[in-house]
Amino acid sequence: MNAKALRILEFDKILARLEAEADSVPGRNLCRSLKPADSLSQILLRREQTQDAVSRLLSGPNSPSFGNNRDFSLQLSRLSIGGVLQAGELLALASFLENVARVKAFGRSAGPDLQEVSDEDVKTDSLSGFFEELMPLTPSAAEIRRCILSEEEIADDATPAIRQIRRQMSSLQDKIHNHLSSLVNGSARTYLMDPVITQKNGRYCIPVKAEHKASIPGIVHERSGSGSTLFIEPSAIVDFNNKIRELQQEEKEEIEKLLALLSADLSDQVEALKRNCELMTMLDFIFAKAALALSMKASCPDFSEDGQMHIKKGRHPLLPQDRVVPIDVQLSSDIRQMIITGPNTGGKTVSLKTIGLFCLMAQAGLFIPALDHSILPVFKKIYADIGDEQSIEQNLSTFSSHMTNIVDILKQAAPGTLCLFDELCSGTDPDEGASLAISILEKLHKRGALCIATTHYSEIKMYALQTPGVINACCEFDVASLMPTYRLLIGIPGKSNAFAISKRLGLSDDIIDSARKRMSRDQEQFEDVLSQLEHKRITMEEQTLQISLQDEEIKRRLEDLEKREKSLEKQKEHILQQANEQARDILQNAKEVADDTIRSFRKYGENTSMREMEQQRSALREKINDRNAALSAGEKKTRSREGQKPDPATIAPGDPVKVLSMNLEGHVSSKPDPKGYLFVTCGVIRSKVHIDDLIMIAEETANVKPAGKSSVGRIAMNKARNVPMELNLLGRTTDEAVNELDKYLDDAYMAHIPMVRIVHGKGTGALRKAVHDHLRRQKHVKEYRLGEFGEGDAGVTIVTFK
């Protein structure tokens, strides 16, 4: 890729953000050296690796760390020729191998707990090979950890020889301390400057006054600055000190042997260590790309081989996410040039850079901050001429520096290249600049390069309208507010809006009218056409929006109608089924009555007395009445039981009743106990009454206020029924939470709810403290406590009422 284009499009800033996501120095170096690829197969491989890394990061809360990966090239070179590493270097390699083991476990993880799974259940993707190839060399790392405690300390049991030497040294040190303690605390104390035991040059000594030098025979190792104190090693411990020095030398030799042994073990595995370094660096680099994608809320792009481009809601990755306006760019394979016009500061350059930077990022295997399945072509080369690059040293003006860059681009332009121009051929005579720009665009068009250019020249807008394969675009500008909307509109040429902006800013009409007269007739007509197109576009967008809203409303109503139709169909089927069953029963009963009547006439005949016939007819009439009563049994069940005494066996919670002694209506709250007492809720009052003090009332009158009473009781009762068992205070300030909590506690207490749950979250603990302070002052709160495991832990408080 062209190095100048990478710099102009600020690809280096993307690499800086990528580098910040890497954990290790080698990983950051690899991020810094990333370059876009021009081979589709290589691009697809990079994209797949990034996509698989993103999937692994999203599959659980844990992410791999590569912080122990370092540049071990020097240490590995020494190991390969039989060199010995120092303790610190061996510890660094052990930490690295332990990191390798953790990363390998992450690669084989079955879930958030990073438990390893069987071989047949291991995740398989483009990164699986990297994870599987890692070699933790666990025995070697464990042996280093066992023997070396820190850079300055070797374990006592590292080898039997070291353990034996240190035991002997400890025994000799005890003897020396015992002997010197007897001197310090005995008769020699008066000869000492201080009753202490010290070391000089690695040998144990005592501080003796200079005038008593002869009283304590031994070797003088040092004299104080004033000369009044001599540090003497008593003759009795000279042999002990000599032996310790010998043992220290032996210990040093044994440690060197140990380091050589550990180094020799690693030297046999140098190739495995080198491969581990390469794999860890590559994985750090790939997961840095995934982390960057997540931080930018980016998505995986698709690639086209026919030159098609479709960017959906693309956001420039270097602009703040909450301020950048997304752009949509759609170019079919037969469009080879796009001319972007519009006022200054309207977003033309940002749109140009966004397109170029997206192509660079995608071909480098990075995700782009746009909607899913945005499509980009694959370019062999990308060139850009953006910004002012005038050079005093090279005696180049703004126009000259741009033209120098354009000449270089024209030499390289070919099919499969992307050329980006900002204000093409500006900075010179407008007529000459426009003509030169059109000629350059025609040349690039013939060479088959994809070209996107911004301009203010009306001639280039006309060129785009008249030339096949070239399309206009503009950055929208709101003249009413004098503010750009930064929306990129494809297929519409833009206006500079210089007259409208100047008038809005206070420029007099006579100057503006004079300026209009100086424009050519063709230019004026062209600007009028653009104004009409802009007006029609805005009108069409408004109409499209209205149609979209109407479509949504129609769709919603159709769904409601379908639901109602299905409900009515079910009711119809149910009613028809009931009617058929009732008709069947009526016919059956009529047949039975007719049969009984015929049998009776046949039985009694002509000699039967009228009295007997009347008795038989009455019996039949009673039978018919019984049948009719059976058919209307369902209807009788729904009739009001107003005025009846409740049956202890059938009365149930929710039944409407009236308490005679209190002249109140309400609903049963509990089943009667063995003595006939039960609870009845009348509004906000919950009373224990005897079943004999109740009568049943109609359901439709249960919530009606008693004569002479207000509707407060009914409202309170309905409210009490709707009090939830939980109050969620997340997102509230402490003042808002306390006010809402106070009202909720009153409602819950009046509804006779024995226990409620207050959700305040963990956070900083300020909300929980405010809740507990308020609960502590409530007289109707019996107790409160934090939630236990399964109840919400410390993010929930359980409140029990008295």
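User: What covers the buried residues of H23?

Analyst: The cover includes H22, S23, S24 and S25, where contact means heavy atoms within 4.5 Å. Helices are DSSP runs of H or I with at least four residues, strands are runs of E with at least two, and both are numbered from the N terminus. A word on the source: this is a predicted model, with local features needing pLDDT of at least 70, side-chain atom pairs counted only at pLDDT 80 or more, and totals for chains, interfaces and linings using all residues. Residues are numbered from 1 along each chain as its sequence is written, and side-chain values use heavy atoms, with hydrogens and water left out.

User: Which are the buried residues of H23?

Analyst: They are Leu767, Ala770, Val771, His772, His774 and Leu775. Helix H23 (residues 766-776) packs on the sheet and touches S23, S24 and S25.

User: Why does Asn69 count as buried?

Analyst: Its relative accessibility is 2%, so Asn69 counts as buried. The term asks for under 20% relative accessible area; exposed is over 50%, and partly exposed lies in between (1.4 Å probe, protein chains only). Asn69 sits in the loop between helix H4 (40-58) and helix H5 (73-80).

User: What makes a polar contact with the side chain of Asn69?

Analyst: The side chain of Ser24 does, at 3.4 Å, and the side chain of Thr281 is joined to that of Asn69 at 3.1 Å. A polar contact is a pair of N or O atoms within 3.5 Å; within protein, one must be able to donate a hydrogen and the other to accept it, and residues adjacent in sequence count only if both atoms are side-chain atoms. Leaving aside neighbours within four places in sequence, the residues in contact with Asn69 also include Phe96, Asn99 and Met280.

User: Which strands are the edge strands of the sheet?

Analyst: The sheet is open, with 4 strands in the order S22-S23-S25-S24 and mixed pairing. Two strands pair if DSSP finds at least two bridges between them. The edges are strand S22 (726-728) and strand S24 (781-786), each pairing on one side only.

User: How do you know that S22 pairs with strand S23 (residues 755-759)?

Analyst: There are 3 bridges between S22 and S23, and the two run parallel. At least two are needed, so the pair qualifies. Asn728 stands opposite Val759 in S23.

Definitions and conventions:
Axes are lines fitted to C-alpha atoms, for helices over the stretch in contact, and angles run from 0 to 180 degrees between N-to-C directions.
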